[in-house]
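Dear colleague,

I am handing over the structure we spoke of, with some notes on what was found in it. Please read them alongside the coordinates.

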Amino acid sequence: MLSALLRTLSSLVTAYALLVFVRVMITWFPSAQYSKAGQFLSNLCDPFLNLFRRIRFLRFGNLDFSPALAIGVLALASSFLQRLANGQRISIGMILSALVSICWSLAHSLLQIFVLILVIRLIVTFIDSLNSSPFFSSLDNFLSPMLYGITKKFAPNRFIKYQTTLIIGIAACVVIIFAGNILFGIICGGLSALPI
């Protein structure tokens with residue numbers, strides 16, 4: 001009886017996570033957001049999402065990563081309920097492993113978005129008509145200090161073209177993602193194996 005109840009709760013949490021995901025996606029389409037279905041999803045999901053929107057470090061300008069954390073928490077809750085339903089023991093190590101995994105997933109997502117932005121910017125450097133637009137000038141003002149900071153680690157006291165700094169930035173992020181996947185996989189595995 002308890003097992004069936006826990007499985008049902010896990011399924012409900014998973015379904016709610018899907019609704020939250022759909023709610024986040026429709027914010028990209030104003031006509032869908034203000035439809036009746038969009039308003040229904042807003043009333044259902046926004047109170048939960050607002051708990052995470054208060055976390056300031058999840059916002060970078062117009063980018064808001066609080067929904068990713070909210071969905072991660074729901075996935076974590078569903079996983080715990082499913083484990084309990086299957087009679088598995090929940091340990092502190094498993095909880096710590098899940099929390100570390102959520103943090104790395106968020107950082108991983110940020111790095112992937114940053115790589116995408118760098119790749120787009122690199123492509124645009126080859127298109128003269130777009131390269132001088134105000135949007136890309138603002139983006140360059142944001143990116144340049146980070147990119148030149150990274151590049152100076154590899155080539156101190158040398159002038160490096162902007163395209164080269166973009167390539168080095170992309171490569172550095174890809175290496176960080178790859179190394180992070182390995183490192184956090186080991187950390188999460190070690191935490192999961194803790195006997196407590």
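The side chain of Ser97 lies 3.1 Å from the backbone oxygen of Cys188, a polar contact in the sense of a pair of N or O atoms within 3.5 Å, where one must be able to donate a hydrogen and the other to accept it, and where residues adjacent in sequence count only if both atoms are side-chain atoms. This is a predicted model, in which local features need pLDDT of at least 70 and side-chain atom pairs count only at pLDDT 80 or more, while totals for chains, interfaces and linings use all residues. Residues are numbered from 1 along each chain as its sequence is written, and side-chain values use heavy atoms, with hydrogens and water left out.

Ser97 belongs to helix H5 (residues 92–124), helices being DSSP runs (H or I, at least four residues) numbered from the N terminus. Ser97 counts as buried because its relative accessible area is 9%, the limit being under 20% with a 1.4 Å probe and protein chains only. Apart from neighbours within four places in sequence, Ser97 is in contact (heavy atoms within 4.5 Å) with Cys188, Leu191 and Ser192.

Cys188 is itself buried, at 13% relative accessibility, and Cys173 is buried at 4%. The count of disulfides (pairs of cysteine sulfur atoms within 2.5 Å) is 0.

As for helix H3, the buried residues include Cys45, Asp46 and Phe48, and the elements covering its buried residues include helix H1 (2–26), helix H2 (30–33) and helix H4 (66–85).

Technical notes
Buried < 20%, exposed > 50% of the residue type's maximum accessible area, 1.4 Å probe, protein only. Helix = DSSP H or I, 4+ residues; strand = E, 2+ residues; numbered from the N terminus.
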